[in-house]
Amino acid sequence: QASRWFWTKAWLKLRRRPWYPSGAMNPPLSALISSIDSVAVRGFEERRILSLEYDSRKVVHGSMFFAFPGLHADGHDFIGAAIRGGAAAVVHEKPLSEYRQEVCYIQVEDARRAMSPAAAAFHGRPSRSLRVLGVTGTEGKSTTVSLIYQLLNLAGEKTGFFSTVNSDDGTGEKPKDFLYFYFGFFTNNQPLDKNGVTINFGHT
(Lines give C-alpha, C1' and ligand atoms only; values in the text may rest on other atoms or scores of the structure.)
Protein backbone atom coordinates (compact mmCIF):
# COMPACT_ATOMS: atom_id res chain seq x y z
CA GLN A 1 0.00 0.00 0.00
CA ALA A 2 2.80 2.43 0.92
CA SER A 3 4.63 1.62 -2.30
CA ARG A 4 1.49 2.30 -4.37
CA TRP A 5 1.02 5.72 -2.79
CA PHE A 6 4.69 6.55 -3.35
CA TRP A 7 4.54 5.79 -7.08
CA THR A 8 1.15 7.53 -7.46
CA LYS A 9 2.55 10.75 -6.00
CA ALA A 10 5.69 10.45 -8.11
CA TRP A 11 3.57 10.09 -11.25
CA LEU A 12 1.45 13.11 -10.35
CA LYS A 13 4.58 15.25 -9.91
CA LEU A 14 5.75 14.24 -13.36
CA ARG A 15 2.47 15.15 -15.02
CA ARG A 16 2.84 18.88 -14.26
CA ARG A 17 -0.58 19.74 -15.62
CA PRO A 18 -1.97 23.28 -15.02
CA TRP A 19 -5.02 22.01 -13.14
CA TYR A 20 -2.86 20.01 -10.72
CA PRO A 21 0.22 22.03 -9.81
CA SER A 22 3.11 20.43 -7.96
CA GLY A 23 2.48 22.38 -4.77
CA ALA A 24 -1.03 21.09 -4.12
CA MET A 25 -1.86 20.01 -0.60
CA ASN A 26 -3.54 16.58 -0.99
CA PRO A 27 -6.21 17.50 1.59
CA PRO A 28 -8.50 15.01 3.33
CA LEU A 29 -11.78 14.22 1.59
CA SER A 30 -13.77 15.65 4.51
CA ALA A 31 -12.23 19.09 3.94
CA LEU A 32 -13.41 19.11 0.33
CA ILE A 33 -16.88 17.81 1.16
CA SER A 34 -17.33 20.50 3.81
CA SER A 35 -16.59 23.16 1.18
CA ILE A 36 -19.33 21.87 -1.15
CA ASP A 37 -23.05 22.53 -0.80
CA SER A 38 -24.07 18.89 -1.20
CA VAL A 39 -27.50 17.29 -1.56
CA ALA A 40 -26.36 13.87 -0.34
CA VAL A 41 -23.13 12.06 0.56
CA ARG A 42 -22.81 8.29 0.23
CA GLY A 43 -19.97 5.94 1.14
CA PHE A 44 -17.80 8.44 2.98
CA GLU A 45 -14.45 7.15 4.21
CA GLU A 46 -11.65 9.53 5.12
CA ARG A 47 -8.77 9.53 2.64
CA ARG A 48 -6.42 11.94 0.92
CA ILE A 49 -7.44 13.42 -2.42
CA LEU A 50 -4.58 13.73 -4.91
CA SER A 51 -6.23 15.62 -7.76
CA LEU A 52 -9.49 17.13 -9.02
CA GLU A 53 -10.57 16.01 -12.46
CA TYR A 54 -13.50 16.47 -14.85
CA ASP A 55 -11.93 14.36 -17.61
CA SER A 56 -12.14 10.63 -16.80
CA ARG A 57 -9.04 9.97 -18.91
CA LYS A 58 -6.93 12.01 -16.49
CA VAL A 59 -8.16 10.34 -13.31
CA VAL A 60 -5.55 8.58 -11.18
CA HIS A 61 -5.71 6.69 -7.92
CA GLY A 62 -7.03 9.13 -5.32
CA SER A 63 -8.72 11.61 -7.68
CA MET A 64 -12.02 13.36 -7.10
CA PHE A 65 -14.02 13.19 -10.34
CA PHE A 66 -16.60 15.83 -11.24
CA ALA A 67 -19.31 14.64 -13.63
CA PHE A 68 -20.21 17.71 -15.69
CA PRO A 69 -23.34 17.53 -17.84
CA GLY A 70 -22.86 18.92 -21.35
CA LEU A 71 -24.52 19.43 -24.71
CA HIS A 72 -22.52 16.75 -26.54
CA ALA A 73 -21.26 14.57 -23.69
CA ASP A 74 -22.43 13.92 -20.15
CA GLY A 75 -19.84 13.32 -17.44
CA HIS A 76 -22.25 10.94 -15.73
CA ASP A 77 -21.66 8.51 -18.60
CA PHE A 78 -17.96 8.41 -17.69
CA ILE A 79 -18.26 7.82 -13.96
CA GLY A 80 -17.56 4.11 -14.46
CA ALA A 81 -14.38 4.90 -16.38
CA ALA A 82 -13.30 7.35 -13.70
CA ILE A 83 -13.78 4.73 -10.98
CA ARG A 84 -11.83 2.17 -12.98
CA GLY A 85 -9.08 4.79 -13.25
CA GLY A 86 -8.91 5.04 -9.47
CA ALA A 87 -11.34 7.83 -8.50
CA ALA A 88 -11.83 7.89 -4.74
CA ALA A 89 -14.78 10.28 -4.89
CA VAL A 90 -17.36 11.29 -7.47
CA VAL A 91 -19.29 14.56 -7.54
CA HIS A 92 -22.48 14.19 -9.57
CA GLU A 93 -25.87 15.82 -10.13
CA LYS A 94 -28.16 12.99 -11.23
CA PRO A 95 -29.13 9.98 -9.10
CA LEU A 96 -27.03 6.99 -10.14
CA SER A 97 -28.10 3.42 -10.82
CA GLU A 98 -25.13 1.99 -8.93
CA TYR A 99 -23.09 3.08 -5.94
CA ARG A 100 -19.87 1.19 -5.28
CA GLN A 101 -18.87 0.61 -1.69
CA GLU A 102 -15.26 1.75 -2.07
CA VAL A 103 -16.18 5.13 -3.62
CA CYS A 104 -17.57 8.24 -1.97
CA TYR A 105 -20.43 9.85 -3.92
CA ILE A 106 -21.30 13.50 -3.40
CA GLN A 107 -24.54 14.58 -5.07
CA VAL A 108 -24.89 18.30 -5.77
CA GLU A 109 -27.23 20.56 -7.67
CA ASP A 110 -24.49 21.98 -9.91
CA ALA A 111 -21.21 20.06 -10.36
CA ARG A 112 -19.46 22.95 -12.09
CA ARG A 113 -20.33 25.32 -9.29
CA ALA A 114 -19.24 22.74 -6.71
CA MET A 115 -15.80 22.40 -8.28
CA SER A 116 -14.94 26.03 -7.56
CA PRO A 117 -14.98 25.90 -3.72
CA ALA A 118 -13.53 22.38 -3.84
CA ALA A 119 -10.58 23.67 -5.88
CA ALA A 120 -10.05 26.54 -3.46
CA ALA A 121 -10.06 24.11 -0.50
CA PHE A 122 -7.78 21.69 -2.35
CA HIS A 123 -5.14 24.38 -2.83
CA GLY A 124 -5.40 25.81 0.68
CA ARG A 125 -7.63 28.78 -0.21
CA PRO A 126 -4.79 30.92 -1.63
CA SER A 127 -7.12 33.81 -2.52
CA ARG A 128 -7.39 34.61 1.19
CA SER A 129 -3.80 35.87 1.14
CA LEU A 130 -4.26 37.90 -2.05
CA ARG A 131 -6.02 41.13 -2.90
CA VAL A 132 -8.27 40.19 -5.81
CA LEU A 133 -9.82 42.43 -8.48
CA GLY A 134 -12.41 40.91 -10.80
CA VAL A 135 -13.30 42.48 -14.15
CA THR A 136 -16.63 41.53 -15.74
CA GLY A 137 -18.50 42.68 -18.82
CA THR A 138 -19.25 41.91 -22.44
CA GLU A 139 -16.32 43.56 -24.20
CA GLY A 140 -13.03 45.14 -23.11
CA LYS A 141 -12.30 42.86 -20.16
CA SER A 142 -8.83 41.82 -21.33
CA THR A 143 -7.88 45.42 -22.12
CA THR A 144 -9.06 46.61 -18.70
CA VAL A 145 -7.21 43.79 -16.94
CA SER A 146 -4.03 44.64 -18.87
CA LEU A 147 -4.26 48.33 -17.93
CA ILE A 148 -4.81 47.55 -14.23
CA TYR A 149 -1.95 45.04 -14.29
CA GLN A 150 0.48 47.53 -15.86
CA LEU A 151 -0.55 50.40 -13.57
CA LEU A 152 -0.13 48.32 -10.42
CA ASN A 153 3.25 47.05 -11.57
CA LEU A 154 4.39 50.61 -12.31
CA ALA A 155 3.26 51.55 -8.81
CA GLY A 156 5.59 48.89 -7.40
CA GLU A 157 2.93 46.29 -6.56
CA LYS A 158 3.73 42.73 -7.55
CA THR A 159 0.70 41.76 -9.61
CA GLY A 160 -0.54 38.77 -11.55
CA PHE A 161 -3.53 38.29 -13.83
CA PHE A 162 -5.56 35.80 -15.83
CA SER A 163 -7.33 36.84 -19.03
CA THR A 164 -8.56 35.23 -22.22
CA VAL A 165 -5.35 36.33 -23.97
CA ASN A 166 -2.47 35.70 -21.59
CA SER A 167 -1.57 35.48 -17.91
CA ASP A 168 1.02 36.10 -15.23
CA ASP A 169 1.10 33.97 -12.09
CA GLY A 170 3.80 36.10 -10.54
CA THR A 171 6.66 34.56 -12.47
CA GLY A 172 6.30 36.64 -15.65
CA GLU A 173 3.77 37.31 -18.39
CA LYS A 174 3.14 34.43 -20.75
CA PRO A 175 0.66 33.48 -23.53
CA LYS A 176 -2.42 31.73 -22.28
CA ASP A 177 -2.56 28.31 -23.91
CA PHE A 178 -5.19 26.74 -21.70
CA LEU A 179 -8.49 27.78 -20.13
CA TYR A 180 -8.69 28.51 -16.42
CA PHE A 181 -12.08 27.62 -14.96
CA TYR A 182 -11.62 28.31 -11.27
CA PHE A 183 -9.48 30.30 -8.89
CA GLY A 184 -7.64 27.33 -7.41
CA PHE A 185 -4.44 27.65 -9.37
CA PHE A 186 -1.87 29.22 -7.03
CA THR A 187 0.41 26.60 -5.55
CA ASN A 188 1.84 26.59 -2.07
CA ASN A 189 4.87 28.41 -3.53
CA GLN A 190 2.59 31.44 -3.97
CA PRO A 191 4.93 33.52 -6.15
CA LEU A 192 2.59 36.50 -5.78
CA ASP A 193 3.23 36.50 -2.03
CA LYS A 194 0.46 38.65 -0.47
CA ASN A 195 0.08 41.27 -3.13
CA GLY A 196 -2.59 41.11 -5.82
CA VAL A 197 -4.11 39.39 -8.78
CA THR A 198 -6.50 40.68 -11.41
CA ILE A 199 -8.85 38.21 -13.09
CA ASN A 200 -10.86 38.49 -16.28
CA PHE A 201 -14.17 36.73 -15.69
CA GLY A 202 -15.46 35.43 -19.02
CA HIS A 203 -18.49 33.29 -19.75
CA THR A 204 -18.16 29.55 -19.08
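Start by selecting L151, which counts as exposed at 58% relative accessibility. This is a predicted model. L151 sits in helix α5, residues 141-154. Together with L151, they make a nonpolar surface patch of about 370 Å².

How many aromatic pairs does the structure hold? The count comes to three. One of them joins the rings of Y99 and Y105, with centres 5.0 Å apart and planes at 85°, so this pair is edge-to-face. Colour the two by accessibility. Y99 counts as partly exposed at 30%, whereas Y105 is buried at 2%.

**Salt bridges**

Switch to charged side chains. A search of the whole structure finds five salt bridges.

Select D74 and K94. Their side chains meet in a salt bridge, 2.4 Å from N to O. Where does each partner lie? D74 is in the loop between β3 and α3 (79-84), and K94 is in the loop between β4 (89-92) and β5 (104-108), so the pair ties together parts that are 20 residues apart in sequence. D74 is buried, with a relative accessible area of 14%. K94 counts as partly exposed at 41%.

Next, select D55. This residue lies in the loop between β2 (51-53) and β3 (63-66). Is D55 buried or exposed? Its relative accessible area is 16%, so D55 is buried; the cut-off for buried is under 20%. D55 forms a salt bridge with R57, and the closest N and O atoms are 2.9 Å apart. The two side chains also make a polar contact at 2.9 Å. R57 counts as exposed, at 74% relative accessibility.

Then select E45 and R47. Here the side chains meet in a salt bridge at 4.0 Å, N to O. R47 is buried, with a relative accessible area of 18%.

Finish inside. In soluble globular proteins, nonpolar side chains tend to be buried together. Select I49, L52, M64, F66, V91 and I106. These residues have the most contacts inside the largest nonpolar core, which has 22 residues. Which elements each supply at least two residues of this core? They are α2 (29-35), β3, β4, β5 and α4 (111-122). Colour α4 on its own. That helix gives the most to the core, with seven residues.

For the last stop, select V59, F65, A87 and L96. They are among the eleven residues of a second, separate core. Keep both selections on screen in two colours. One marks residues of the largest core, such as I49 and F66; the other marks members of the second core, including V59 and F65.

Key
Residues are numbered from 1 along each chain as its sequence is written. This is a predicted model: local features need pLDDT of at least 70, side-chain atom pairs count only at pLDDT 80 or more; totals for chains, interfaces and linings use all residues. Side-chain values use heavy atoms; hydrogens and water are left out. Helices (H or I, at least four residues) and strands (E, at least two) are DSSP runs, numbered from the N terminus. Buried means under 20% relative accessible area, exposed over 50%, partly exposed in between (1.4 Å probe, protein chains only). A polar contact is a pair of N or O atoms within 3.5 Å; within protein, one must be able to donate a hydrogen and the other to accept it, and residues adjacent in sequence count only if both atoms are side-chain atoms. Patches are made of residues with over 30% relative accessible area and no salt bridge: like charges are joined within 9 Å, nonpolar side chains (Val, Leu, Ile, Met, Phe, Trp, Tyr) within 5 Å. Accessible areas come from the Shrake-Rupley method with a 1.4 Å probe; for residues, only the protein chains shown count as cover. Rings of Phe, Tyr and Trp (its six-membered ring) pair if their centres lie within 6.5 Å; planes under 30 degrees apart count as stacked, over 60 as edge-to-face and the rest as tilted. A nonpolar core is a set of buried Ala, Val, Leu, Ile, Met, Phe, Trp, Tyr and Cys residues joined through side-chain atoms within 4.5 Å.
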